[in-house]
Amino acid sequence: MSVADSTGTVLPRRTARQPGDLPAPRSFPPSLAGNPALPYSAIGQELADLRLQIPGVHGCVLGGVDGLLITHNMQTDVDPNDLAALAATTYGLGRQVGLRLGQGEFQQSTVRNDRGYLSVYAVSPQALLAVVGQDSINVARLHLHAPSTAERLAALLGRDRP
(Lines give C-alpha, C1' and ligand atoms only; values in the text may rest on other atoms or scores of the structure.)
Protein backbone atom coordinates (compact mmCIF):
# COMPACT_ATOMS: atom_id res chain seq x y z
CA MET A 1 0.00 0.00 0.00
CA SER A 2 1.27 3.49 -0.84
CA VAL A 3 0.12 7.01 -0.05
CA ALA A 4 0.87 10.23 -1.95
CA ASP A 5 2.11 13.25 0.01
CA SER A 6 1.10 16.87 -0.71
CA THR A 7 3.61 17.07 -3.60
CA GLY A 8 2.23 13.96 -5.25
CA THR A 9 5.26 11.82 -4.30
CA VAL A 10 4.22 8.29 -3.52
CA LEU A 11 5.42 7.25 -0.08
CA PRO A 12 5.72 3.62 0.99
CA ARG A 13 3.57 2.58 3.90
CA ARG A 14 4.14 -0.23 6.33
CA THR A 15 1.43 -2.78 6.62
CA ALA A 16 0.55 -4.64 9.77
CA ARG A 17 2.33 -7.92 10.29
CA GLN A 18 0.34 -11.07 10.19
CA PRO A 19 0.48 -13.36 13.27
CA GLY A 20 2.54 -15.92 11.32
CA ASP A 21 5.23 -13.31 10.50
CA LEU A 22 6.56 -13.18 14.06
CA PRO A 23 8.55 -15.87 15.87
CA ALA A 24 6.70 -17.81 18.52
CA PRO A 25 7.00 -16.27 21.99
CA ARG A 26 9.82 -17.74 24.03
CA SER A 27 8.90 -19.37 27.30
CA PHE A 28 11.31 -18.63 30.11
CA PRO A 29 12.34 -21.14 32.74
CA PRO A 30 11.47 -20.46 36.38
CA SER A 31 13.28 -17.56 38.03
CA LEU A 32 16.50 -18.21 39.94
CA ALA A 33 15.84 -15.26 42.29
CA GLY A 34 15.51 -16.44 45.86
CA ASN A 35 16.43 -20.04 45.06
CA PRO A 36 17.84 -21.41 48.35
CA ALA A 37 19.63 -24.25 46.53
CA LEU A 38 22.11 -21.93 44.79
CA PRO A 39 25.72 -21.89 46.05
CA TYR A 40 25.62 -18.23 47.07
CA SER A 41 29.04 -18.20 48.75
CA ALA A 42 30.77 -19.56 45.63
CA ILE A 43 28.82 -17.18 43.40
CA GLY A 44 29.75 -14.27 45.68
CA GLN A 45 33.41 -15.27 45.48
CA GLU A 46 33.30 -15.22 41.65
CA LEU A 47 31.73 -11.75 41.69
CA ALA A 48 34.31 -10.50 44.19
CA ASP A 49 37.20 -11.98 42.20
CA LEU A 50 36.06 -10.18 39.05
CA ARG A 51 35.68 -6.90 40.94
CA LEU A 52 39.19 -7.26 42.37
CA GLN A 53 40.80 -8.33 39.05
CA ILE A 54 39.65 -5.24 37.17
CA PRO A 55 40.51 -1.86 38.70
CA GLY A 56 37.58 0.53 38.44
CA VAL A 57 34.81 -2.05 38.79
CA HIS A 58 32.26 -0.74 41.31
CA GLY A 59 30.45 -4.03 41.59
CA CYS A 60 28.70 -6.90 39.91
CA VAL A 61 25.14 -8.18 39.84
CA LEU A 62 23.95 -11.66 39.00
CA GLY A 63 20.39 -11.27 37.83
CA GLY A 64 17.82 -13.26 35.96
CA VAL A 65 16.69 -12.62 32.42
CA ASP A 66 13.37 -11.84 34.14
CA GLY A 67 14.97 -8.76 35.76
CA LEU A 68 15.01 -10.15 39.31
CA LEU A 69 18.13 -9.94 41.46
CA ILE A 70 19.86 -13.20 42.35
CA THR A 71 22.84 -11.74 44.24
CA HIS A 72 25.33 -8.86 44.05
CA ASN A 73 28.48 -7.27 45.45
CA MET A 74 27.82 -3.62 44.64
CA GLN A 75 30.19 -1.18 46.36
CA THR A 76 28.21 1.97 45.51
CA ASP A 77 24.78 3.36 46.28
CA VAL A 78 23.38 1.92 43.03
CA ASP A 79 20.35 -0.22 43.85
CA PRO A 80 21.22 -3.80 42.81
CA ASN A 81 17.55 -4.52 42.09
CA ASP A 82 17.47 -1.65 39.60
CA LEU A 83 20.70 -2.91 38.04
CA ALA A 84 19.27 -6.42 37.63
CA ALA A 85 16.28 -4.90 35.85
CA LEU A 86 18.54 -2.78 33.63
CA ALA A 87 20.61 -5.87 32.77
CA ALA A 88 17.45 -7.71 31.71
CA THR A 89 16.39 -4.73 29.61
CA THR A 90 19.81 -4.66 27.95
CA TYR A 91 19.53 -8.40 27.35
CA GLY A 92 16.07 -7.98 25.81
CA LEU A 93 17.28 -5.33 23.39
CA GLY A 94 20.39 -7.34 22.48
CA ARG A 95 18.32 -10.47 22.00
CA GLN A 96 15.98 -8.68 19.60
CA VAL A 97 18.93 -7.27 17.64
CA GLY A 98 20.35 -10.79 17.31
CA LEU A 99 17.00 -12.20 16.18
CA ARG A 100 16.25 -9.45 13.65
CA LEU A 101 19.74 -9.47 12.14
CA GLY A 102 20.07 -13.25 12.22
CA GLN A 103 23.21 -13.01 14.37
CA GLY A 104 22.31 -15.64 16.95
CA GLU A 105 21.95 -15.59 20.71
CA PHE A 106 22.83 -12.67 22.98
CA GLN A 107 26.37 -12.84 24.40
CA GLN A 108 27.38 -9.40 25.67
CA SER A 109 26.53 -5.70 25.53
CA THR A 110 28.35 -2.65 26.87
CA VAL A 111 26.94 0.82 27.44
CA ARG A 112 29.36 3.71 27.91
CA ASN A 113 28.27 6.90 29.63
CA ASP A 114 30.11 10.10 30.60
CA ARG A 115 31.29 8.70 33.92
CA GLY A 116 31.22 4.95 33.51
CA TYR A 117 30.22 1.68 31.92
CA LEU A 118 27.63 -1.02 32.26
CA SER A 119 28.50 -4.35 30.67
CA VAL A 120 26.04 -7.24 30.59
CA TYR A 121 27.12 -10.81 29.83
CA ALA A 122 25.03 -13.91 29.20
CA VAL A 123 25.64 -16.52 31.89
CA SER A 124 22.94 -19.08 31.12
CA PRO A 125 19.47 -19.13 29.56
CA GLN A 126 18.24 -17.85 32.94
CA ALA A 127 20.99 -15.56 34.23
CA LEU A 128 22.99 -12.44 33.37
CA LEU A 129 26.14 -10.90 34.80
CA ALA A 130 26.09 -7.10 34.99
CA VAL A 131 29.30 -5.20 35.75
CA VAL A 132 29.38 -1.49 36.65
CA GLY A 133 32.63 0.40 36.26
CA GLN A 134 33.99 3.90 36.28
CA ASP A 135 35.04 5.67 33.10
CA SER A 136 38.72 4.80 33.58
CA ILE A 137 38.07 1.04 33.58
CA ASN A 138 40.07 -1.02 31.10
CA VAL A 139 37.14 -2.34 29.05
CA ALA A 140 39.35 -4.70 27.03
CA ARG A 141 40.54 -6.30 30.25
CA LEU A 142 36.97 -6.56 31.47
CA HIS A 143 35.93 -8.26 28.21
CA LEU A 144 38.86 -10.64 28.63
CA HIS A 145 37.98 -11.73 32.19
CA ALA A 146 34.18 -11.44 32.37
CA PRO A 147 33.33 -14.25 29.89
CA SER A 148 35.34 -16.79 31.88
CA THR A 149 33.63 -15.56 35.06
CA ALA A 150 30.29 -16.02 33.30
CA GLU A 151 31.27 -19.59 32.38
CA ARG A 152 32.19 -20.40 35.99
CA LEU A 153 28.92 -18.85 37.16
CA ALA A 154 27.04 -20.98 34.62
CA ALA A 155 28.71 -24.08 36.05
CA LEU A 156 27.72 -23.01 39.57
CA LEU A 157 24.15 -22.51 38.40
CA GLY A 158 24.21 -25.93 36.72
CA ARG A 159 23.52 -24.59 33.26
CA ASP A 160 25.44 -24.28 30.01
CA ARG A 161 26.05 -20.88 28.48
CA PRO A 162 23.74 -19.97 25.59
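Trainee: Which residue is the bridge partner of Cys60 in strand 7?
Mentor: Strands of a sheet pair through backbone hydrogen bonds, either parallel or antiparallel. Two strands count as paired if DSSP finds at least two bridges between them. Here the partner of Cys60 in strand 7 is Val131. Strand 3 and strand 7 are joined by 7 bridges and run antiparallel.

Trainee: What should I know about the model and its numbering?
Mentor: This is a predicted model, in which local features need pLDDT of at least 70 and side-chain atom pairs count only at pLDDT 80 or more, while totals for chains, interfaces and linings use all residues. Residues are numbered from 1 along each chain as its sequence is written, and side-chain values use heavy atoms, with hydrogens and water left out.

Trainee: How many helices and strands are in the protein chain?
Mentor: Helices (H or I, at least four residues) and strands (E, at least two) are DSSP runs, numbered from the N terminus. The protein chain has 3 helices and 7 strands. Along the sequence the pattern reads β-β-α-β-β-α-β-β-β-α.

Trainee: In what order do the strands of the open sheet lie?
Mentor: The order is 4-3-7-6-5, with antiparallel pairing of these 5 strands. Strand 4 and strand 5 are the edges, each pairing on one side only. Neighbouring strands are turned by 15° against each other on average, direction ignored. For such angles, axes are lines fitted to C-alpha atoms, for helices over the stretch in contact, and angles run from 0 to 180 degrees between N-to-C directions.

Trainee: How many residues does the hairpin use to join strand 5 to strand 6?
Mentor: That hairpin uses 2 residues. Strand 5 and strand 6 (residues 116-122) run antiparallel and share 6 bridges. Val111 has Leu118 of strand 6 as its bridge partner. Gln108 stands opposite Tyr121, also in strand 6.

Trainee: Which residue takes a positive phi in the hairpin of strand 3 and strand 4?
Mentor: Gly67 does, with phi near 90°; this hairpin has 4 residues between the strands. Strand 3 and strand 4 pair in the antiparallel sense over 3 bridges. Leu62 stands opposite Thr71 in strand 4.

Trainee: Why does Thr71 count as buried?
Mentor: Buried means under 20% relative accessible area, exposed over 50%, partly exposed in between (1.4 Å probe, protein chains only). Thr71 counts as buried because its relative accessibility is 17%. Thr71 belongs to strand 4 (residues 69-72). Contact means heavy atoms within 4.5 Å. Leaving aside neighbours within four places in sequence, Thr71 contacts Tyr40, Ile43, Leu47, Val61 and Leu62.

Trainee: Why is strand 3 described as largely enclosed?
Mentor: Strand 3 is largely enclosed by the rest of the structure because 7 of its 8 residues are buried.

Trainee: Which strands does helix 1 lie across?
Mentor: Helix 1 (residues 40-53) lies across strand 3 (57-64), strand 4 and strand 7 (127-134), at about 145° to strand 3. Helix 2 lies across strand 3, strand 4, strand 5, strand 6 and strand 7, at about 110° to strand 7.

Trainee: What do the buried residues of helix 3 pack against?
Mentor: They pack against helix 1, strand 3, strand 6 and strand 7. The buried residues of helix 3 include Leu142, Ala146 and Leu153. Val139 lies in helix 3 too. Its relative accessibility is 18%, so Val139 counts as buried. Val139 and Ile54 are 85 residues apart in sequence, yet 9.0 Å apart in space, C-alpha to C-alpha.

Trainee: How many aromatic pairs does a search of the whole structure find?
Mentor: Rings of Phe, Tyr and Trp (its six-membered ring) pair if their centres lie within 6.5 Å; planes under 30 degrees apart count as stacked, over 60 as edge-to-face and the rest as tilted. The search finds 1 pair. Tyr91 and Phe106 are edge-to-face, 5.4 Å centre to centre with 85° between the planes. Tyr91 sits in helix 2 (residues 80-101), and Phe106 in the loop between helix 2 and strand 5 (108-113), 15 residues apart. Both Tyr91 and Phe106 are buried.
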